[in-house]
Amino acid sequence: MTSFAKALGKPLGFFVLLAISILFAYIINEAQIKGAAIILILLIGPIIAFAIISKPKFGITALLIASYLIMWIIRMDLIRFPLGTIMDGLLALLIIGLFIQLKYRPDWSFLSSPISLMISIWIIYNFIQVANPVAQSKMAWLYTIRSMAIVMLTYFIFSYHIRDITFIRFIIKIWLILSVFAGINGYRQQFIGFMGFEEAYLYSDPLIRDLLFINGVWRKFSIFSDPTGFSYNMIISSLLCIGMMFGKISIRRKIFLSALVMFFLTNMLFSGTRSAYVLLPASMIMLTILVFNRQIMLITTGAALFMAFLIFIPTSNPGLYRFQSAFKPSEDASFNVRARNQKMIQPYIWSHPIGGGLGSTGVWGAKFSPGSFLASFPPDSGYVRVAVEMGWIGLFIFCCLLFVILQKGISNFFKMEDPELKSYCLAMVLIVYAITIGNYPQEAITQYPLNVYFFLVAALIDATYNLDKEKKEEKLKISNTLSH
């Protein structure tokens, strides 16, 4: 029996435990579920923090799950606490764990990738923005840099720790399970209806109703922040499955992946996000280029003819009409408004090479610099936001970053031999390509979970190539040994 256990057995220990029990009971009685949550955090928080630092694979899993569910939990409004700081805390713990691991396994090779270099340049440029002389608010910079730069540190965490095929398989399984969970919630919203906390969100602001209630139908958002986030996540989950189908897998598994693709795509349609409708056909063009064979040509030609039929067939169905309008932007009033806004802001971008400062537009612009010119400007595009807030220099760096990730992915794909690893790399290339296109009509890479998963994808492009390279070197060694 330990000295601690002996101490608890004494009268003083009994009264200490009694006092703690009474305190916990009082907190739960006063704060209800929130009080219980606070106590739970106090009890298990230190244990989880230690596990995240000491077991990085556990920490990465926790980050991927939390980033997928965080917006759903926030919308429930059960806890009056800035839950976004939990994500910051998770990232901080993983960074601490990374430095501890580097002390015992000082392998800095993950920094040698061109992707690492471009991400480092981008992060440095974002920090330099704090000294932007045109910026209206330092607080806006502080709030915005979290989603624009600090979250990119996840790439280095993923790159260092993802070093075996087993962990990659586990990550993809977690990804698909979370996507299926989101899809089930999308179907539930479509065919059963919204939960109470979801309805409270829909009617909390007239602007939300105007954006989400189209032609007498509510756009669905599942567990995500908005329909755009829902649709984009369903598209990349579809592309993940499509890429995996090109590995050496059984017919049964291909049928299962095909069913998942249809499940995710129907969810994408429930969202009513027109910009997402274009991403799958665009990605299929990239797929045809990368995997050029007779079978793919026949499939893509058939799919193209079917798409053309859907686009040009006369219809009175509001859902199909909205789908068609995505491929006829000149007839779309919202697209024309965005085009006019972008034309209007171009002189400002050219005259401000480093932009108006992080957080000068959108929500943070309205909050921290109300009344300013940029605060009232709706960027409505990831690229436009970068150009306005960080200037044409920032836009150039950002585009170079996306180009390097895509170029590295394509280059790695053609160099790889292992069918499974090659299929994973193919999926990552398709996802990067889709998000690169999708970032023009929407802000695709700044919200959870895509802001984390995009850099997971970038890390997997390198990780799959490195594992394939190791396999080839191992085969060569065996071959040389046998020849001697």
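Me: Is Asn451 buried or exposed?
Reply: A residue is classed by its relative accessible area: buried is under 20%, exposed is over 50%, and partly exposed is in between, with a 1.4 Å probe and protein chains only. Asn451 has a relative accessible area of 2%, so Asn451 is buried. This is a predicted model, in which local features need pLDDT of at least 70, side-chain atom pairs count only at pLDDT 80 or more, and totals for chains, interfaces and linings use all residues. Residues are numbered from 1 along each chain as its sequence is written, and side-chain values use heavy atoms, leaving out hydrogens and water.

Me: Which helix holds Asn451, and which residues does Asn451 touch?
Reply: Helices are DSSP runs of H or I with at least four residues, strands are runs of E with at least two, and both are numbered from the N terminus. Asn451 belongs to helix H21. A contact means heavy atoms within 4.5 Å. Leaving aside residues up to four places away in sequence, Asn451 touches Val151, Ile445 and Thr446.

Me: How do I read Leu430 in the same way?
Reply: Start with the helix: Leu430 is in H20, residues 419-438. Leu430 counts as buried because its relative accessibility is 0%. Its contacts, not counting residues up to four places away in sequence, are Leu239, Ile242, Ser283, Met286 and Leu287. From C-alpha to C-alpha, Leu430 is 9.3 Å from Gly409, and the two are 21 residues apart in sequence.

Me: What are the figures for the protein as a whole?
Reply: The protein has 21 helices and two strands. It has 484 residues, and 46% of them count as buried. Of the contacts between residues at least 6 apart in sequence, 76% join residues at least 24 apart.

Me: What is the geometry of the pair Phe213 and Trp218?
Reply: Their ring centres are 4.9 Å apart and their planes are at 55 degrees, so the pair is tilted. Phe213 is partly exposed, with a relative accessible area of 27%, whereas Trp218 is buried at 14%. Ring pairs also link these two with Phe194, Tyr201, Tyr203 and Phe221 into a cluster.

Me: Where does a charge sit over a ring?
Reply: The rule asks for NZ of Lys or CZ of Arg within 6 Å of the ring centre and within 35 degrees of the ring normal. The charged end of Lys422 sits over the ring of Phe413, 4.9 Å from its centre. The charged end of Arg163 sits over the ring of Tyr160, 5.0 Å from its centre.

Note on methods
Rings of Phe, Tyr and Trp (its six-membered ring) pair if their centres lie within 6.5 Å; planes under 30 degrees apart count as stacked, over 60 as edge-to-face and the rest as tilted.
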